[in-house]
Amino acid sequence: MVRDLPIKRLIYKDLTIEGYSRAAVQTYWRVGELNVAFDAGAHPWMFMGTPNLFISHTHLDHLVMLPSYVARRRMMKMTPPRIFLPCEMVDKVAHMLKLWAQLDQGSFACELIGMKDGQRVELSREVFVEAWATVHRIPSLGYVVYNRRKKLKPEFLSLSGEQILQLKESGVEIQYELRFPRVAYLGDSNPAGLDRNEIFYESEVLIMEMTFVEPRHQQEKIHRYGHIHLEDVIQRREKFKNELIIASHFTARSTAEQVRRNVEKKIPDMLDGRLKLWI
């Protein structure tokens, strides 16, 4: 039995949210039902079967185990993964993997796909992902995963099946699309990354950083380094329409108990029970 990395797990409706995040240590997430993983600061063995990996930015605690992820899939004879990341970093990551291939004397086959603000990628007929620019010290993206459904347009509801088929065969668009933002992943960002992308506040589930929570941590300095403080969340309380908000990526300068105590003191109702601390 392989002893795996630490993983916290939360089942919400039909989604299983798994992972671990600690600032400057390691960050990795997965939502298996949507076939997506986020960041690779470490790589649990059980995450290997997820073929779509979305990288928020290239700091070591979010990227360092990327070569391992690619190599493990090759070793287990799985298809090469698709890795989505800020477009500015594609060539650098490709060069890194090339060097690892020389060191390892093996193949590091994968598809590196550069993403820009507002760009969409299709994962299946039911699922697509959009990238949104966030605000960190280096190029960074957050991602929103959508479910979608096709519905028959109201004006055609009274028609028979044969009539609908005839319209479809004649080229008439008979359906419209419903989009549901299921999971938003912020990655590392200061509050502007939330404020400029309202979709993060509207997604059913939001996975966000809240790196600093103590009064001794200075907000202005924190913002310059591309992070969020507990007070930023409090100031935006009314903006969060999410059904579930997962706060994570806490600084290693604070213990789990200090994090819990500070948050519960400032937000005793935990945003009406929607806020969960990933500690």
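## The largest pocket

A pocket, as the word is used here, is an open set of grid points with protein on both sides within 12 Å along at least five of seven lines. In this predicted model, the largest pocket holds about 430 Å³ of space. Its lining is made up of 20 residues, and those closest to the centre of the pocket are Thr 211, Phe 212, Tyr 225, His 227 and Arg 253. When the lining of the largest pocket is sorted by class, six residues are nonpolar, eight are polar and six are charged.

## The largest cavity

The largest cavity has a volume of about 60 Å³, and of the 13 residues that line it, Tyr 185, Gly 187, Met 208, Glu 209 and Ser 248 are the closest to its centre.

Strand 3 (26–31) and strand 12 (205–209) each contribute at least two residues to the lining of the largest cavity, with strand 12 giving the largest share, three residues. The classes in this lining are five nonpolar, six polar and two charged residues.

## The second largest cavity

The second largest cavity has a volume of about 50 Å³, and the residues along it are Tyr 28, Trp 29, Ala 37, Phe 38, Asp 39, His 43, Phe 47, Leu 53 and Tyr 69. Strand 3 and strand 4 (36–38) are the elements that supply two or more residues to this lining. By class, the lining of the second largest cavity comprises seven nonpolar residues, one polar residue and one charged residue.

Notes. Residues are numbered from 1 along each chain as its sequence is written. This is a predicted model: local features need pLDDT of at least 70, side-chain atom pairs count only at pLDDT 80 or more; totals for chains, interfaces and linings use all residues. Side-chain values use heavy atoms; hydrogens and water are left out. On a 1 Å grid over the protein atoms alone, a cavity is a set of points where a 1.4 Å probe fits but cannot get out, and a pocket is an open set with protein on both sides within 12 Å along at least five of seven lines; lining residues have an atom within 4 Å of a point. Grid points are joined across faces, edges and corners, and a volume is the space filled by probe spheres set on the points. Ala, Val, Leu, Ile, Met, Phe, Trp, Tyr, Cys and Pro count as nonpolar, Asp, Glu, Lys and Arg as charged, and the others, Gly among them, as polar. Helices (H or I, at least four residues) and strands (E, at least two) are DSSP runs, numbered from the N terminus.
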